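User: Hi! I'd like a close look at one part of this protein, and I'd be glad if you could walk me through it.

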Amino acid sequence: MRDTDLLQLALGLTPPWEVVASRFDVAARRLDMDVAFPKGARFVCPACGATDCPAYDTTGMTWRHLNFFQHEAYLHARVPRVTCKTCGVKRVAVPWAREGSGFTLLFEALVMAMMAVMPVAAAARLVREHDTRLWRILHHYVEEARRRADHSSVIRVAFDETAARRGHDYVSLFVDLDGPRVLFVADGKDAAAVEAFAADLVEHGGAAENVSEVCIDMSPAFIKGTAAHLPNAGITFDKFHAVKIVNDAVDQVRRAEQKTRPELKKSRYIWLKNKDNLSGSQRGVLSGLSHLNLKTARAYQIRLAFQDFYAAPSQEAAEAFLKKWYFWATHSRLTPIADAARTIKRHWDGVLRWFDSKIANGLIEGINSLVQAAKAKARGYRSTRNLKAIIYMIAGKLELRLPT
Ligand SMILES: [Zn+2]
């Protein structure tokens with residue numbers, strides 16, 4: 001067996017392609033292989049599939065292939081354009097690479113596997129390529145898989161914003177609660193993000209009219225966007241967000257009161273955490289403070305009551321409870337608590353809807369923390385497009401069709 005035969009087998013080349021020469025340079029750590037076709041070979045037309053097309057002319061091309069042990073391996077070939085009786089002159093597709101890629105399919109499969117578990121820049125260092133070339137591969141496979149994604153079954157959606165880059169830029173994640181999977185990543189966090197999602201849903205075989213439940217925080221832009229672009233969707237306001245509004249009010253009361261009651265210093269987390277999550281000594285502090293006549297302690301009791309609301313046995317019971325709670329909170333003479341209660345009141349239906357829909361944004365929070373962790377590991381992304389591709393890769397449940 002000649003060494004070129006071995007390479008031919010290893011590359012899995014099919015006729016008319018064959019390895020005709022190889023050059024092994026130990027000092028440069030490189031293996032270069034020349035692939036060619038015999039004179040007079042016939043090809044398949046890439047446009048219509050007609051066989052028996054003769055070569056018209058050729059162009060020299062190079063592809064990086066999987067390393068040969070520690071040596072970088074390259075394929076070189078003169079790729080023909082063929083004459084097809086029907087289509088005219090067309091460049092043929094080579095079996096080892098995609099059109100326009102400078103890498104073989106197997107090399108792409110390898111780097112895709114690497115990029116699934118490490119930042120793109122780290123994969124680029126390992127294979128000694130510039131990371132923009134690897135990003136191009138990633139975008140290709142992610143976009144191709146997204147094109148094929150089927151969103152026809154989508155009926156319950158949660159969405160929320162997440163920071164794209166330091167401080168300002170945002171993207172919004174749209175999550176299929178029954179997937180669970182990220183369906184769409186929109187630019188920004190305004191009503192137009194919902195519009196873009198509705199359009200994308202249609203592109204993937206879904207329908208905006210089929211969306212019957214959404215879960216969001218109390219963002220006016222999302223409320224407006226839902227009404228305009230998801231016409232049949234009932235809104236549930238995320239319960240953790242609702243509790244947080246009341247929690248933040250407790251914190252405001254404490255901060256104001258602390259100025260005259262120094263014993264409140266360093267008690268911040270005691271009021272914010274759930275009782276069950278407090279340590280023994282924290283519980284001691286809490287019970288000591290509870291015996292003093294503190295505004296913070298009253299605000300805290302109102303917050304605890306609001307949480308109990310979610311344990312109500314039915315929507316009717318919950319509504320009766322909420323009415324009493326609202327009266328209590330608005331008559332508490334604690335301005336931040338009364339303001340929080342009015343915010344809840346303005347979103348009453350969506351808060352109560354939880355008793356029917358039982359949906360929340362916990363799933364998005366989880367996805368969000370994975371995304372932020374990947375972002376931190378990658379030390380941020382150069383573009384929003386890169387961030388989006390990573391989100392789809394992490395949480396899109398895409399069927400990436402990688403070469404094998
Ligand atoms: Zn043709």
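User: How do the axes of helix α11 and helix α12 cross, and within what distance do they come?

Analyst: Happy to take you through it, keeping in mind that this is a predicted model. Helix α11 covers residues 315–330 and helix α12 covers residues 335–346; their axes come within 8 Å and cross at roughly 150°. Since angles over 145 degrees count as roughly antiparallel, α11 is therefore roughly antiparallel to α12. As for handedness, the α11 and α12 crossing is left-handed.

Now to the residues that meet there. From α11 come Leu322, Trp325, Tyr326, Ala329 and Thr330, while α12 contributes Ile337, Ala338, Ala341, Arg342, Ile344 and Lys345. By class, this contact of α11 with α12 has 8 nonpolar residues, 1 polar and 2 charged.

Cys45, Cys48, Cys84 and Cys87 each coordinate the zinc ion through SG, at 2.2 to 2.4 Å. The site is tetrahedral, with angles of 105 to 112° among the 4 donor atoms. Along the sequence, the donor residues follow the spacing C-x2-C-x35-C-x2-C. Distant parts of the chain are linked here: cysteine 48 sits in the loop between β3 (42–43) and β4 (53–68), and cysteine 84, 36 residues apart from it, belongs to strand β5 (residues 71–84).

Technical notes
Residues are numbered from 1 along each chain as its sequence is written. This is a predicted model: local features need pLDDT of at least 70, side-chain atom pairs count only at pLDDT 80 or more; totals for chains, interfaces and linings use all residues. Side-chain values use heavy atoms; hydrogens and water are left out. Axes are lines fitted to C-alpha atoms, for helices over the stretch in contact, and angles run from 0 to 180 degrees between N-to-C directions. Helices (H or I, at least four residues) and strands (E, at least two) are DSSP runs, numbered from the N terminus. Angles under 35 degrees count as roughly parallel, over 145 as roughly antiparallel, 65 to 115 as roughly perpendicular and the rest as oblique. A crossing is left-handed if the near helix is turned anticlockwise from the far one by less than a right angle, and right-handed if clockwise. Contact means heavy atoms within 4.5 Å. Ala, Val, Leu, Ile, Met, Phe, Trp, Tyr, Cys and Pro count as nonpolar, Asp, Glu, Lys and Arg as charged, and the others, Gly among them, as polar. Donors are N, O and S atoms within 2.8 Å of the metal (3.2 Å for Na, K and Ca); water is not among the atoms, so sites may look incomplete. Four donors count as tetrahedral if all angles lie between 85 and 135 degrees; four count as square planar and six as octahedral if opposite donors are over 155 degrees apart and all others between 65 and 115; anything else is irregular.
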